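Trainee: Please put the model up, and let us go through it by question and answer.

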Amino acid sequence: MELSLILILVFVLFVTLAAILRRYKRCPSDKILVIYGKTGKNKSGSISSARCIHGGASFIWPVFQSYAFLDLKPISIECNLTNALSKQNIRVDVPCRFTVGISTEPESMTNAAERLLGLSIDNIQSIATDILFGQLRLVIATMDIEEINSDRDKFLSNVSANVEAELRKIGLKLINVNVTDIRDESGYIEALGKEAAAKAINDAKKSVAEQNRYGEIGKAEADRDKDIRIAETQRDTRIMTAAANASAVQGENTSKIDIANSDAARREKEAEASRLAVAAEKVQAAKALEEAYQSERDAELARAEREKATQLANIVVPAQIDKERMIIEAEAEAEKLRRTAKGEADAIFAKMDAQARGTLEILSKQAEGFNRMVAAATGDPQKAVLMLIADKLPELVKIQVEAVKGIKIDKVTVWDGNNGKEGKTSTANFISGLVGSIPPMEDLFKMAGMSLPDYLKGKEQQPENQTSETKKEDK
């Protein structure tokens, strides 16, 4: 029993130790160990998102922490930048190859853990490529073509300074920059190369001509010294042997003549050599000037073409764009007017259609009401008209009353001579005339093509029998 308990305890301890050893992770030299989860606080006192270890080991707490690795292997990125605008507004092609990698600086490792952890090499390369293209264009826009082409150290230092600052934000570090060749679309760099080559060739030719001239002069001077020494030696010999051999005088004279002829020939050759050297120098200088002028002419033609293209881009293209924009705006305004007019016409049509339908409905209802009224009057239209008149009679009377209701008479002066007829005074005649100016109701009905019934005219109705008898008597 005790043995089995000891074995169980040993087994438990062994399993626990194995689990602890499995959670103790070592970081290889070409990787960064990123521990994330509950990692505590950083130096500033805020909660740290991850803890990065390079070249060491750490224990990973189960449940609370986990880990991953970032690869430090260099990444080669090819950036063939084309049509980049330089400070002189000349577009250049700058093919470059950058070598980057994840930085091992503490701050950069934290940035890499926050932004690159879990990404593949292709994704990291794509992000870095976008940053490199943008910064490379920015550097080229601040430099002249001469600086980019001749001062490569300055160009590379500017690229490194700008690129490293941006790459550090995502945890990367610039390892190397290699610029292969720089070209421009206008041929400006090629013209500069031709000019430098022509200048170098001309300088070399000039140096060769000068060295040839110096060699000929030195040779002539050496020959002259040799002849002088020989003449002096012969002269000394002739002086010492003059007393012994008189015939040596003739030989000496002949030698002098030969020396004089030799000196004349030498001087003639020296003059000819000098003349040829000067002529060759002038010819080479003229050729150098001609080639320099040709290079300048080519450069000016290239600049003229560039200026022409610039003017075309600055004047003609915006004018064409404005023209197309004005055409589009005019078409849009015309379409707007057409749509507005169509909408107004549809609205007017709908309004008139609604009014016509309303009027038709009113007239239909009125006609239906008239038909019912005639039917109620046992089919007699005259009685139906009388019913309508009786219905409107209060309004007609009200209208007649309103005709004199609004008249205000402040003062009436009457001169009465007692000449009134039938006992009426002038005042009575004035009042009756004022009332008589109101249109009689019977006249109003006659103007409308109708007539009032006799009981409204104030006449007594006679029985039908009496009326017929009266008609017979009249006949």
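Trainee: Which cysteine sulfur is closest to that of cysteine 27, and how many disulfides does the structure hold?
Mentor: This is a predicted model, where local features need pLDDT of at least 70, side-chain atom pairs count only at pLDDT 80 or more, and totals for chains, interfaces and linings use all residues. Residues are numbered from 1 along each chain as its sequence is written, and side-chain values use heavy atoms, with hydrogens and water left out. A disulfide needs two cysteine sulfur atoms within 2.5 Å, and the sulfur of cysteine 27 lies 9.6 Å from the closest one, in cysteine 52, so that pair is too far for a bond. The count of disulfides in the structure is zero.

Trainee: How far is the sulfur of cysteine 96 from the closest cysteine sulfur?
Mentor: Cysteine 96 is buried (under 20% relative accessible area, with over 50% exposed and partly exposed in between; 1.4 Å probe, protein chains only), because its relative accessibility is 2%. The closest cysteine sulfur is in cysteine 79, too far for a bond, at 7.1 Å.

Trainee: Which residues of helix H2 are buried?
Mentor: Helices here are DSSP runs of H or I with at least four residues, and strands are runs of E with at least two, numbered from the N terminus. H2 spans residues 106-115, and its buried residues are covered by elements including strand S2 (31-37) and strand S7 (91-102). The buried residues of H2 are Ser108, Met109, Asn111, Ala112 and Ala113.

Technical notes: Contact means heavy atoms within 4.5 Å.
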